[in-house]
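Subject: A structure to look at

Hi there,

Here is the structure I promised to pass on. Please open it and keep it in view while you read.

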Amino acid sequence: MFGYLPLGAAFGILAMDVGVPWWAAITMSLVIYAGAGQFLAVALLANQAGLMEVAVATLMLNSRHLFYGLSLLGAFSGAGWRKPYLIFALTDETYSLLTSHRGPVGQNHALAIKLSALNQLWWVLGTLAGVMIGSQLAFDTTGIEFVLTALFIVLTIEQARRLRQWMPFIVAMVTALAALALLPDRHMLLGAIATASMILLIQYRLDISKRQQAEAP
């Protein structure tokens with residue numbers, strides 16, 4: 001709630017500031033429900049970007065959800081009618097809740113769908129509040145989109161404090177800096193994610209091999 005209400009309000013204010021109708025901003029939060037994707041969409045619409053540009057940029061930005069989904073394949077197995085909504089509502093914050101809670105929350109499908117729906121409710125209510133504020137008050141919104149970056153930083157810190165496994169975070173930092181220095185901006189995110197995933201997969205395979213050798217007679 002404390003993350004999504006102000007973040008949704010920031011999106012609503014930004015959407016009104018760039019000329020998106022109030023009903024379109026709320027509809028985006030209902031049927032798209034992608035925080036970073038929505039911020040990107042209103043920025044691209046404000047710059048009169050074409051449909052293909054919006055589609056490619058959104059795919060690049062949200063490519064991280066491929067890896068979220070892969071890590072929850074087992075947890076969401078057998079979810080039945082709940083599974084489509086669990087997939088749709090799998091945001092960064094919901095993923096953080098499902099994976100950092102002690103116990104198999106993701107496998108408790110009734111609880112998982114309640115958490116997912118509650119998170120979307122906070123996001124929609126935040127958007128509604130932002131639309132109302134943006135339609136009544138005029139102020140400089142420069143930098144307001146940084147709230148999303150700030151939220152990602154907080155989520156990363158919380159995961160690091162709980163997991164106490166520093167290798168994934170070190171790999172993420174090194175690959176992100178390398179991608180930022182070596183790749184064009186439009187390829188930076190996908191390059192960093194792909195490289196980090198490859199390194200962690202290799203580490204995972206090496207760990208399995210070591211365990212098998214240790215257990216061998």
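Predicted model: local features only at pLDDT ≥ 70, side-chain atom pairs only at ≥ 80, totals over all residues.

Residues are numbered from 1 along each chain as its sequence is written, and side-chain values use heavy atoms, with hydrogens and water left out.

First, the helices (DSSP runs of H or I, at least four residues, numbered from the N terminus). Helix 1 (residues 4-17) packs with helix 2 (residues 22-31) at an angle of about 140°, and their axes are 9 Å apart. Those axes are lines fitted to C-alpha atoms over the stretch in contact, with angles running from 0 to 180 degrees between N-to-C directions. This makes helix 1 oblique to helix 2; angles under 35 degrees count as roughly parallel, over 145 as roughly antiparallel, 65 to 115 as roughly perpendicular and the rest as oblique. Helix 1 brings Phe11, Ala15 and Met16 to the contact, and helix 2 brings Trp22, Ala25, Met28 and Ser29 (contact means heavy atoms within 4.5 Å).

Next, have a look at tyrosine 33, in the loop between helix 2 and helix 3 (35-46). Its phi is near 50°, a positive value in a residue other than glycine. Most residues other than glycine have a negative phi. Tyrosine 33 counts as buried because its relative accessibility is 3% (buried is under 20%, exposed over 50% and partly exposed in between, with a 1.4 Å probe and protein chains only).

Now the rings: the whole structure holds seven aromatic pairs. Rings of Phe, Tyr and Trp (its six-membered ring) pair if their centres lie within 6.5 Å, and planes under 30 degrees apart count as stacked, over 60 as edge-to-face and the rest as tilted. Tyrosine 33 forms a tilted pair with phenylalanine 88, at 6.1 Å centre to centre and 45° between the planes. Phenylalanine 88 is in helix 6 (residues 83-88), so this pair ties together parts that are 55 residues apart in sequence. At 31% relative accessibility, phenylalanine 88 counts as partly exposed.

Phenylalanine 88 also forms a tilted pair with tyrosine 85, at 5.9 Å and 45°. Finally, ring pairs link Tyr4, Phe11, Tyr33, Phe39, Tyr85, Phe88 and Trp123 into a cluster.

Best wishes

How values were computed:
Helix = DSSP H or I, 4+ residues; strand = E, 2+ residues; numbered from the N terminus.
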